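I opened the model to look up its disulfide, its strands, its core and a few loop residues. The entries follow in the order in which I checked them.

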Amino acid sequence: QVQLVESGGGLVQAGGSLRLSCAASGRTFSSYNMGWYRQAPGKEREFVAAIRWIRTGTYYANYTDSVKGRFTISRDNSKNMVYLQMNSLKPEDTAIYYCNGVVGAINYWGQGTQVTVSS
């Protein structure tokens, strides 16, 4: 069982920045595929970014088109943490952001953190 706990959400003006953090449990975190999803009111949950294990010490990051160049996903395996640095935020980025971890064939989710971007 893997537990994920997000933090770092809040209210920010358009053009501002936030950094989301996700703390994960487990002794083999370095091999987890980690990602961020978001869900805006009245919309389905959508993929934002992921950082996937390729081989020891090597990871691959990818992003949905709407956040490329503005968001950066990273991880610190020594702390079992994954981050989402969000810059140049737009009102359309407003959503609940969820941390996702894939371990083998099992998906784990955090409880979500609210990000609100005012215009």
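**Disulfide.** I took a disulfide to be a pair of cysteine sulfur atoms within 2.5 Å. The model is predicted, so I kept to its terms: local features need pLDDT of at least 70, side-chain atom pairs count only at pLDDT 80 or more, and totals for chains, interfaces and linings use all residues. Residues are numbered from 1 along each chain as its sequence is written, and side-chain values use heavy atoms, with hydrogens and water left out.

How many disulfides does the rule give? The count is one. I found it between Cys-22 and Cys-99, with the sulfur atoms 2.1 Å apart. The link of Cys-22 and Cys-99 has -85 degrees about the S-S bond and is left-handed. Cys-22 is in strand S3 and Cys-99 is in strand S9, so the pair ties together parts that are 77 residues apart in sequence. I also looked up burial, where buried means under 20% relative accessible area, exposed over 50%, and partly exposed in between (1.4 Å probe, protein chains only). Cys-22 and Cys-99 are both buried.

**Elements.** Helices (H or I, at least four residues) and strands (E, at least two) are DSSP runs, numbered from the N terminus. I counted zero helices and 11 strands in the chain.

**Pairing.** Two strands pair if DSSP finds at least two bridges between them. I followed S9 through its partners. S9 pairs with S4 in the antiparallel sense over seven bridges, and Asn-100 in S9 stands opposite Gly-35. S9 and S11 run antiparallel and are joined by three bridges; Tyr-97 has Thr-113 in S11 as its bridge partner. S9 and S10 (residues 106–109) also run antiparallel, joined by four bridges. Val-103 is bridged to Ile-106 in S10. The hairpin of S9 and S10 has two residues between the strands, and there I noted Gly-104 with a positive phi near 65 degrees.

**Core.** I used the term nonpolar core for a set of buried Ala, Val, Leu, Ile, Met, Phe, Trp, Tyr and Cys residues joined through side-chain atoms within 4.5 Å. Which residues have the most contacts inside the largest nonpolar core? They are Met-34, Trp-36, Leu-84, Met-86 and Tyr-97, in a core of 27 residues. Two or more residues come from each of strands S3 (18–24), S4 (33–39), S5 (46–55), S7 (71–76), S8 (81–86), S9 (95–103) and S11 (113–118). S3 gives the most to this core, four residues.

I then listed the contacts of Met-86, with contact meaning heavy atoms within 4.5 Å. Leaving aside neighbours within four places in sequence, Met-86 is in contact with Gly-16, Ser-17, Leu-18, Leu-20, Arg-70, Phe-71, Tyr-97 and Val-115.

**Tyr-32.** Where does Tyr-32 sit? I found it in the loop between S3 and S4. Tyr-32 counts as buried because its relative accessibility is 3%. Beyond neighbours within four places in sequence, the contacts of Tyr-32 are Val-2, Ser-25, Gly-26, Arg-27, Ile-51, Arg-75, Val-102 and Val-103. I also checked Tyr-32 against Trp-109: the two are 77 residues apart in sequence and 13 Å apart in space, C-alpha to C-alpha.

I noted Asn-80, which is not a glycine but has a positive phi of about 55 degrees. Asn-80 lies in the loop between S7 and S8 and, at 16% relative accessibility, counts as buried. Ser-88, also not a glycine, has a positive phi of about 50 degrees. Ser-88 lies in the loop between S8 and S9. Is Ser-88 buried or partly exposed? At 41% relative accessibility, Ser-88 counts as partly exposed.

**Whole chain.** For 119 residues a compact globule would have a radius of gyration near 14 Å, and the chain agrees with 14 Å. Along the principal axes, the C-alpha atoms fill a box of roughly 40 × 25 × 25 Å. Buried residues make up 39% of the 119 residues. Of the contacts between residues at least 6 apart in sequence, 52% join residues at least 24 apart.

How values were computed:
Rg over C-alpha atoms; globule rule 2.2 N^0.38 Å.
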